Each structure stands twice: as structure tokens, then as C-alpha cells.
Amino acid sequence: MDVTGMTLPQLLERNAREAPQAPGMREKTRGVWQTWSWQAYRDQVRDFALGLAAGGFARGDKLTVIGDNRPQLYFAQLAAQALGGVSVPVYQDSIATEMVFVLNHAESSIIVAEDQEQVDKALSLKTQLPKLRAVIYDDPRGLSAYDDPLLRSFESMLELGRQHGAANPGLYERELAAGKADDLAMIAYTSGTTGQPKGAMLSHRNMAETAANFLAVNLTRPGDNWLSYLPMAWVGDTEFSLGMALVGRLTANCPESPETVQRDLRELGPDAMLAPPRIWENMLTQIQVKSGDASPLKRWIFERFRALAERCELGRDDGKAPTVGQRLGLALGEVMVYGPVRDQLGLRNARWCYTGGAPLGPDTYRFFRSFGVNLKQVYGATEASALIACQDDGEANPNTVGKPLPKVEVKIDDRGEVLLRGPNVFVGYFKQDQATADTLTAEGWLRTGDAGFFDKRGHLTIIDRAKDVGKLADGSAFAPQFIENKLKFSPYVRETVAFGDQRPFVAAMIAIDMQTVGTWAEKRGLAYTSFMDLSRKDEVAGLIATEIAKANATLPDVQQVKRFLLLNKELDADDAEITRTRKVRRRFVAEKYAAVIEAFYGGAATVDVTMDITFEDGRKSQLSSTISIHDAAGGPATRRAA
């Protein structure tokens, strides 16, 4: 599909002209799916754009959206772009200090907020946002008594736009036609694993051509359903819910709320799906918990067919076809186990699914593949318009991320870093010329910061972040993500951070999964009052030690976890321990938990930890406690803090 030279709003105009009544976007609201045709979709964007123009919004201005996935927030971004403006989506769970930094750095003048919660957040910051001219809200509930002069409703902006359009015939069409493919479309702020987030500038050409190149190697059809549930500030959502949907004429579907995503997913049965590892890990945990809660007969049936499916999947990896007996077993398993599980997950109709954003553990990957989910790996980066490489249906493999997209060149430099060049490479970082120069070579190659190599088939393998790959004291390779993914296969482990660079062995901090460990404890009559109380129990330490032993059995001896500690709180993006996309900020964590690391390698049985806790409004508190350190090698730990 040729999208050369077209902006995203121009693609919307094309869809409205060529398929006016086909479904362009849906939203689940009050239990009912509401549909906007491509023509109605375009009309909303046009009227809102004219409303912005009436308020003085002009070419080069910035508009920020914040909230859960709502059609109106997508409409607002395209409306700003139709006028030559730039969209700046912000994570809906951003704390005040993060929002102030991004909005001021991006010079946003308009905020389009989902609801009262986001409006309150925006208005509480208005004295710190000198360029802010208006806060526009979608959901009016709870806002009837507000009289701030900055406030406007989405509907009032549409009406203003219709009036402005009537008074200025052809204005929208002229502004739309003036757009060029190389114009800036959005500023996507990176997750900031090493400091303040950077604003990656992406053009319309970046977004549209990347989408076209991805669709060229993945089977889609106009009208295919796509669930838009990932954070709107993540470039992956923008690339799929706007770029891919507009280029391929797919239907984006917004769930009713984050809490109903699983139910809405089952009801919708999308034709394709993208999810980060955390989602696949959560799905696996749900399956494991339901299996554990089933009757002995059902649990036996599930485990028998699960083991068969995984044996066959491992055989396929080795190029071995299933035997006649195995094929009969798989056919029976499809009726009794595999099909019903896919139905429960909402993936019965999905022709392909991708995992991306971070590495997915091979055990989790093979589990879904073995159950008939066409799960594949995709590799990307914010600076590469979300997509660099992906796997073909017949070449899915947990150890690679597939081949580069069409028109994308990838090479490995002499330090092992992955570099790429192509239409997906970003324009640069907004107002950060030095950072841009450090990331883009003079020849236009983007430095990804990832360490990798090509295998014999020409598939790209990503080892880890280049700066995180190290060596143990004996010179053995140490890639923390590989070990962490092994540990996170356990339904009882939510997050983990592995240490070992220049150390004699591997140690790990583990945050338990409150729900699954809590259920496990309740079944055994273990009373607890909080996350901290639960994580301090000897029985829970024994449970996690058993799970570590399972992971260690699949690791070389030198990479096995020898000591571990159960954190007394979850790793939190508000506390800067992980990013909004749940990547560990290793440098910060190493500094924050320096005492823990020294205790690991100093042979201590306990460690005193004091840490800052950050609230949504930016206030801080402190949490102090004595935490036990356990030895994993000898089985369940028995040490306890004095």
C-alpha cells in the first residue's frame, strides 16, 4: 500500500472518501459498543480541528492528551495534526512532577483530558504551566460545578468548530492539504530508564510508512478489529491504533475501562493483538491459578494436555513433526483444553499476536504457542516509530525477534550494538541536540542501545540493553533480563531485579504477586494484613525459594540465583524504580538498594532498608524495615530477621 507523502489526517480523509460507512472506531460505553464510521470519524476530527482553530491553535502548536483509551482523545490528536500541530500524549498515571516536566518541555498549550480525575490533575498544575491556554474534557461527570476559565467541554469544541467552519468555508480542507509527510506528527516521550524522559520527534512519514511496512508482512484485512487498550502515551499504541488503523483501514476498539479489558477482549475477539510481556505473564498467571483451583480431575486433564502441547512445540522448534499419536492428542486437547483457554483469553479469532516492549521469557512464549496462540515477537523502540523487526508466522522463535521490516536496514557494530536506518528512524529529540547527536550517526544510523547479533537464518537476536550486559567475577556472561524472565514465569513473582555484574554469583530482589501469593496464603490459613506483612512470612520465603529452584534447574550453574530477598513493596513507576512501560531503571535501583546489594555479597542474613515512597501529588514519605536475605541453593530458606 502506497502511503508515500501522506499525513495521518490525510489518510483518514482517504478512508472517509473510499469507505465512508465502514467502521472506523468503536467504544464500549455503559455495556454497549458504539461505532463511528470512517465518515463520522473524519467529521469529529474536522469539527474539533476547526474548534481548535477558532481558539487560535496554529501550525506548530502542541496538544496533549491524557487519560485512558477514548475515541475523543484519538480524534483530538488527529485534529491537532490536521492543522499542522503536534500531539503529545502523556501517561494517565503520571505524577505531578512528571506531567509538569513533559508539558513545559513540549510547550503544550492545550490539554485534552478524559475525565474529572485528569482535569483535577491539570488544573492543580496550571500555575506551573505558563503556556497552557485551555483544558478540554471528554467525560463531564463531576464537572458541572467547575467554573475555571480554562475549562471547555469536548462537545462545546465540536459546536464551536461547526460554527467556525460555516463562517470560514474550506478552512479545514486548506489546512489539511497544506500538511506534508515530513511534518512533525507527535512527540513521544521515552520512558526514561536513565534520567528525565526525552521527547522523540516522529513525523507523519515515520508513522505511516512504518505501519505500511509492518502490514506488508502481516495478514490484515480492512475492517479487522484491534483492541486499543495500551497506554496512549506509549508509541506502540499510537503506531497501531492510529498509524496501522489508518493505513490498513482497521477498526480500533476502545474498552469501557482498564478494569473491563479482559471482559471486553473476550467479547470483541480481535483479529490481532499486541501486548507487552507483563500482559502475557498476567494471562499465564490467571490460567495457572484457575488450573490450581480446579478439581483434581480437571487439573489432571489440563496438566496432561499442557505437557503434550509443550512437548510438541519443543519438537517443532527442533524441526520435528508431531507423531500420529501426538496429533490425535492435540486434536482432543483442542476441544477439551486449548480452544476453551483461547476463548477465555479472547484470542479465538486472533490470526496473530505479538509481544513487544521488553523480552518475554521463553517458557511463557512457548506456553501460548503450544496452546494455539500465534504469538510472535516484535522488536522496536520509540525512536524507531515502535517497530524495527518482527517474526513471520512460520519462523516464530522465543530466542529471536525475527527479521527487519521491509525498507529497514539493521547492522551490528564492533561493540555488538544494534544500529538501524530506514523510514522509521525519528527526526531527533525535541530541544536536545546533543542527545540527538549521540543517538544518530552522521550517516543516519540510529543507535538503539541494545546488544544483539544475527543468527544463521538472518534473524535478529537481542541479548539485553548493551549497558546492562556484564560479566560475573569469573568472566562468565551476565544478562540480567534473561534470568529475570526465567523467574517471572512463576505466577507468584511479579517483578524481579537480578544482580551479578563483577560479582561472584547472581542474587535477586523479588516483588511477590500480591494476588496469587495472597490466595496461596489464604488456602493455608496464613493471616496477613498487607503486602509487607505477607512478604515477610517464612512460608512465603519458602514458596519463592521453591520457585527459584525451578528456574535454576533451567539455567547454567554459574547463572543460577544463589541468594534472594523479598521486597516489602512493589516496584513502582512513581518511585522511579521502573518506567511507565515497566522496564527496570537499573542504575537508579542499584543506587537506591545499594545496602541490599552489599548485604547480598557480604553474607548478611538481614538488611535495614529505608526508602522514599512517592504519592500521586508528588508528596513523599519513608518506609523503613529490616528485611531477611535468603540462600536459594539449599532449598527453602530458613533464615529470619531478628
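Trainee: Hi! How many salt bridges does a search of the whole structure find?

Mentor: The search turns up 51 salt bridges. Keep in mind that this is a predicted model.

Trainee: Which residue does E313 meet in a salt bridge?

Mentor: E313 pairs with R369, at 3.8 Å from N to O. E313 sits in helix α12 (residues 296–317) and R369 in helix α14 (residues 362–370), so their contact ties together parts that are 56 residues apart in sequence.

Trainee: And is E313 buried or exposed?

Mentor: E313 is buried, with a relative accessible area of 6%.

Trainee: What about R348, which residue does it form a salt bridge with?

Mentor: R348 goes with E334, and their closest N and O atoms are 3.5 Å apart. R348 is in the loop between α13 (324–345) and β13 (352–355), while E334 is in helix α13, so this pair ties together parts that are 14 residues apart in sequence. R348 is partly exposed at 41% relative accessibility, and E334 is partly exposed too, at 28%.

Trainee: Switching to aromatics, how many aromatic pairs does the count come to?

Mentor: The count is 19 aromatic pairs. In one of them, the rings of W36 and F75 have centres 5.6 Å apart and planes at 80°, so the pair is edge-to-face.

Trainee: Where do W36 and F75 lie?

Mentor: W36 belongs to strand β2 (residues 32–37) and F75 to helix α3 (residues 71–82), so the contact ties together parts that are 39 residues apart in sequence. Both W36 and F75 are buried.

Trainee: Okay, and what sort of aromatic pair do Y338 and F371 form?

Mentor: An edge-to-face one, with 5.1 Å centre to centre and 70° between the planes. Y338 is in helix α13 and F371 in the loop between α14 and β14 (375–379), so the two tie together parts that are 33 residues apart in sequence. Y338 is buried at 3% relative accessible area, and F371 is buried at 1%.

Trainee: Which residues form one aromatic cluster with those two?

Mentor: The cluster takes in W280, F302, F305, Y338, F367, F368 and F371.

Trainee: Do tell me about charges over rings. What lies over the face of Y429?

Mentor: K198 does, at 5.3 Å from the ring centre. Also, the charged end of R585 sits over the ring of F588, 5.7 Å from its centre.

Trainee: Last topic, cavities. What volume does the largest cavity have?

Mentor: About 50 Å³, and the structure holds 1 cavity of 30 Å³ or more. Its lining includes W226, L250, D271 and R351. By class, the lining has 5 nonpolar, 2 polar and 3 charged residues.

Trainee: Oh, and how many residues of helix α9 are buried?

Mentor: In α9 (residues 235–248), 14 of its 14 residues are buried. Just after α9 comes R249, with a positive phi of about 60°.

Conventions: Residues numbered from 1 in each chain as written. Predicted model: local features only at pLDDT ≥ 70, side-chain atom pairs only at ≥ 80, totals over all residues. Heavy atoms only, no water. Salt bridge = Lys/Arg side-chain N within 4 Å of Asp/Glu carboxyl O. Helix = DSSP H or I, 4+ residues; strand = E, 2+ residues; numbered from the N terminus. Buried < 20%, exposed > 50% of the residue type's maximum accessible area, 1.4 Å probe, protein only. 1 Å grid on protein atoms, 1.4 Å probe; cavity = no way out; pocket = protein on both sides within 12 Å on 5 of 7 lines; lining within 4 Å. Points joined across faces, edges and corners; volume = space filled by probe spheres on them. Nonpolar A, V, L, I, M, F, W, Y, C, P; charged D, E, K, R; others polar. Phe/Tyr/Trp six-rings, centres within 6.5 Å; stacked < 30°, edge-to-face > 60°. Lys NZ or Arg CZ within 6 Å of the ring centre and 35° of its normal.
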